[in-house]
Amino acid sequence: MKLRRTTPVVLAAALALTAACGGGGGSAQPSGDGKSFEFWSFSGINQKKSVEDYQKANPGVQVKLTEVGGSTETAQALTTALAGGKVPDLVLIQGDDLPKFVQQPQNFQDLRQYGADKIKSDYLDWVISQSTARSGEIIGIPTDVGGMAVAYRTDLFKQAGLPTDRDEVSKLWPTWDAFIETGKKYTAATGKAFVDNAATSVFYQAVNQGPQKYYDPSGNVVYATSPQVKTAFDLAIKTAQSGITARLSSFEDGWSAAMSKGDYAVISAPSWLLEQIRNNAPDTKGKWDVAKIPGGAGNWGGSYLAIPKGAANPKAAWDYISKTQSPQGQLDHFVDSGALPTTPSAYQDPKLLGRKDPFFSDAPTGKIYTESLLGLKPFLIGPDSAAIGQEFLNAITNVEQGKGDPAKAWDTALANIKTSIGK
């Protein structure tokens with residue numbers, strides 16, 4: 001998952017939009033003009049560019065794109081819209097939010113009716129399986145996966161006396177413990193924070209680098225007993241206590257501003273986050289580079305396009321999906337935004353392997369992120385994965401900000417998760 005910044009004002013607007021459109025009793029029969037369609041996305045994922053390109057290629061189609069807010073707000077607005085019976089034609093759902101919708105396949109168009117079952121082999125097996133209901137319905141087509149890496153400031157590393165070459169930097173931190181030790185050297189040399197925070201830049205990365213996270217393969221919750229989760233949590237608490245973090249919550253205004261000012265030198269960056277760095281800190285172009293993530297392969301993030309059952313223009317929405325999320329479409333979007341395709345055939349394409357990003361010192365981002373993904377051991381994402389992850393994040397953040405006892409943080413997180421999800 002991919003956490004995105006909470007924006008109450010935007011959420012309120014989205015819910016107001018939903019309420020205005022609502023009224024209950026939605027019909028499964030299409031009632032639109034069959035050409036135009038309404039599309040809800042979340043911010044920071046650059047769907048605007050995809051929509052613009054699609055409309056240029058299809059001049060008779062009008063796409064009403066609404067960026068509802070963060071991924072959480074978009075999922076909340078969709079839940080409200082489904083209950084009200086008036087829904088958009090197309091919606092982007094973040095991966096951690098998807099399972100709870102997959103459990104209610106009757107609320108969505110089964111994309112097999114449009115041919116999704118014939119193209120599902122175009123996508124990574126473990127990714128398309130997450131949008132397939134137990135009864136076989138395919139309710140979403142994956143748009144991207146995260147892959148994982150670390151973005152770092154070369155100018156700040158030079159000031160600290162650390163190497164700046166991306167291969168040499170990668171060698172600094174083969175493990176998360178080595179990452180923390182590098183951070184201590186940086187902070188000792190500069191007096192500044194090394195990394196933005198412990199929760200998303202350490203816990204959210206490390207917990208996504210093994211075969212079992214919050215659920216076992218049978219769908220049972222195992223967050224309390226999973227060695228993978230406990231190891232990642234302990235690493236994050238260790239980081240929080242090490243004095244190397246800027247103690248900034250990801251996706252908040254202060255986090256974005258600090259990115260531009262150089263208040264931290266590194267940030268764990270799945271491929272989709274590169275676009276946020278470009279947007280938040282445009283004046284730092286050329287000062288960043290991308291190195292390997294400590295700990296090996298993994299994935300954080302990824303999203304799906306789905307068509308609600310009551311959509312007025314489902315065929316128009318499917319045409320958008322089929323054209324923009326084809327292997328070529330995802331490859332084109334990677335070139336535009338850096339979002340890593342879910343279509344393995346693109347991983348050998350020279351456009352991807354040869355891609356060098358000038359904002360990040362010509363880092364070969366396609367090669368780096370593909371390598372970070374291909375060794376991944378898939379794990380099951382469950383209906384409460386987002387809620388569980390949020391409580392772990394809260395406990396780590398409290399310690400980092402001096403509000404929580406590190407010795408009690410694990411037990412506090414488990415208790416709060418049990419309260420939140422009831423198990």
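Colleague: What are the ground rules for the numbering and for the local features?

Modeller: Residues are numbered from 1 along each chain as its sequence is written, and side-chain values use heavy atoms, with hydrogens and water left out. In this predicted model local features need pLDDT of at least 70 and side-chain atom pairs count only at pLDDT 80 or more, while totals for chains, interfaces and linings use all residues.

Colleague: Why is H10 called oblique to H18?

Modeller: Helix H10 (residues 199-206) and helix H18 (residues 385-400) pack at an angle of about 135 degrees, with their axes 10 Å apart; helices here are DSSP runs, H or I, of at least four residues, and strands are E runs of at least two, and axes are lines fitted to C-alpha atoms over the stretch in contact, with angles from 0 to 180 degrees between N-to-C directions. Under 35 degrees counts as roughly parallel, over 145 as roughly antiparallel, 65 to 115 as roughly perpendicular and the rest as oblique, so H10 is oblique to H18.

Colleague: Which residues make that contact?

Modeller: With contact meaning heavy atoms within 4.5 Å, H10 contributes Ala199, Thr200, Phe203 and Tyr204, and H18 contributes Gly389, Gln390, Phe392, Leu393, Ile396 and Thr397.

Colleague: What makes H10 largely enclosed by the rest of the structure?

Modeller: Buried means under 20% relative accessible area, exposed over 50%, and partly exposed in between, with a 1.4 Å probe and protein chains only; 8 of the 8 residues of H10 are buried, so H10 is largely enclosed. These buried residues pack against helix H9 (176-190), H11, strand E6 (266-268) and H18.

Colleague: Which residues have the most contacts inside the largest nonpolar core?

Modeller: A nonpolar core is a set of buried Ala, Val, Leu, Ile, Met, Phe, Trp, Tyr and Cys residues joined through side-chain atoms within 4.5 Å; the largest has 126 residues, and those with the most contacts inside it are Trp173, Phe203, Phe233, Val266 and Phe392. Helix H11 (residues 227-241) gives the most to this core, with 7 residues.

Colleague: Why is H2 described as roughly perpendicular to H14?

Modeller: Helix H2 (residues 47-57) and helix H14 (residues 314-324) pack at about 105 degrees, with their axes 11 Å apart, and this angle makes H2 roughly perpendicular to H14.

Colleague: Is Glu371 buried, exposed or partly exposed, and what is its relative accessible area?

Modeller: Glu371, in helix H17 (residues 365-374), has a relative accessible area of 42%, and is therefore partly exposed.
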